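Here is a short tour of one protein chain, written for someone who likes to know how each value was defined. Have the model open beside you as you read.

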Amino acid sequence: MRQMLAAGFITFAVIDGAAAADRTRPDVPLTIDARGGIRVAVHVNGGGPYTFILDTGSSRSAVSDDLARELAAPVVAKSEVVTMAGSARPLVVRLWPVVVAPARVEALLAPMLPAAQLAQLGRGV
């Protein structure tokens, strides 16, 4: 199973999906890794499932450069990303659709980060 990092959009997508399903709450299978990271299975561009890390403190989603290339995700912009480790201006790719359980986001813009950088978050990321 391929892996990638995701952020706050998952929370939005699940809430949006719940609202669309007559206010019922969908089940979203998740696991907690050894570091306490929340991992969720996500389908992107018709492929997957890919393991996303849910970062509730982030305002953006990110994808590894390896997975973006595998998905042939088109580059649509360049954006500044600021973290505790510093800042960078990575390329931004469009992912569509992004599906978590019953929730679906038609287009998600995600900065593309080096896979080696994301691997620091845990094995397989």
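## Surface and overall make-up

The chain exposes about 7300 Å², and carbon and sulfur atoms supply 55% of that area; accessible areas come from the Shrake-Rupley method with a 1.4 Å probe, and for residues only the protein chains shown count as cover. This is a predicted model, in which local features need pLDDT of at least 70 and side-chain atom pairs count only at pLDDT 80 or more, while totals for chains, interfaces and linings use all residues. Residues are numbered from 1 along each chain as its sequence is written, and side-chain values use heavy atoms, with hydrogens and water left out.

The secondary structure comes to 3 helices and 11 strands. These are DSSP runs numbered from the N terminus, with at least four residues (H or I) for a helix and at least two (E) for a strand. Read from the N terminus, the order is α-β-β-β-β-α-β-β-β-β-β-β-β-α. Of the 125 residues, 42% count as buried (buried is under 20% relative accessible area, exposed is over 50%, and partly exposed is in between, with a 1.4 Å probe and protein chains only). Among contacts with a separation of 6 or more, 54% join residues 24 or more positions apart; a contact means heavy atoms within 4.5 Å.

## Confidence along the chain

The mean pLDDT of the chain is 82, and 79% of the residues reach 70 or more. For reference, pLDDT is the predictor's confidence in each residue, on a scale from 0 to 100.

Which elements mark the two ends of that range?

An open sheet is formed by 4 strands in the order 4-11-8-5, with mixed pairing. Strand 4 (63–64) and strand 5 (75–78) are at the edges with a single partner strand each, so one side of each has no neighbour in the sheet. Two strands count as paired if DSSP finds at least two bridges between them.

Strand 5 runs antiparallel to strand 8 (residues 91–95), and 3 bridges join them. Here K78 stands opposite L91. Strand 8 also pairs with strand 11 (residues 108–113), again in the antiparallel sense, over 4 bridges. In that pairing, L95 stands opposite L108.

## The nonpolar core

The largest nonpolar core has 18 residues, of which V42, V44, V63, V93, L95 and V98 touch the most other members. Such a core is a set of buried Ala, Val, Leu, Ile, Met, Phe, Trp, Tyr and Cys residues joined through side-chain atoms within 4.5 Å. Two or more residues come from each of strand 2 (38–44), strand 3, helix 2, strand 8, strand 9 and strand 11. In soluble globular proteins, nonpolar side chains tend to be buried together.

## Backbone points to check

Most residues other than glycine have a negative phi, and most peptide bonds are trans. The peptide bond from G48 to P49 is cis, with omega near 15 degrees; P49 belongs to strand 3 (residues 47–54).

Two alanines have a positive phi: A72 at about 55 degrees and A101 near 50 degrees. A72 sits in the loop between helix 2 (65–70) and strand 5 and is exposed, with a relative accessible area of 61%. A101 lies in the loop between strand 9 (98–100) and strand 10 (103–105) and is partly exposed at 35% relative accessibility.

E106 lies in the loop between strand 10 and strand 11 and is partly exposed, at 48% relative accessible area. Its side chain makes a polar contact of 2.5 Å with that of R104. A polar contact is a pair of N or O atoms within 3.5 Å; within protein, one must be able to donate a hydrogen and the other to accept it, and residues adjacent in sequence count only if both atoms are side-chain atoms. Leaving aside neighbours within four places in sequence, E106 is in contact with L95, W96 and P97.

Is D33 buried or exposed? At 17% relative accessibility, D33 counts as buried. D33 is in the loop between strand 1 (30–32) and strand 2, and its side chain joins that of R39 in a polar contact of 3.0 Å.
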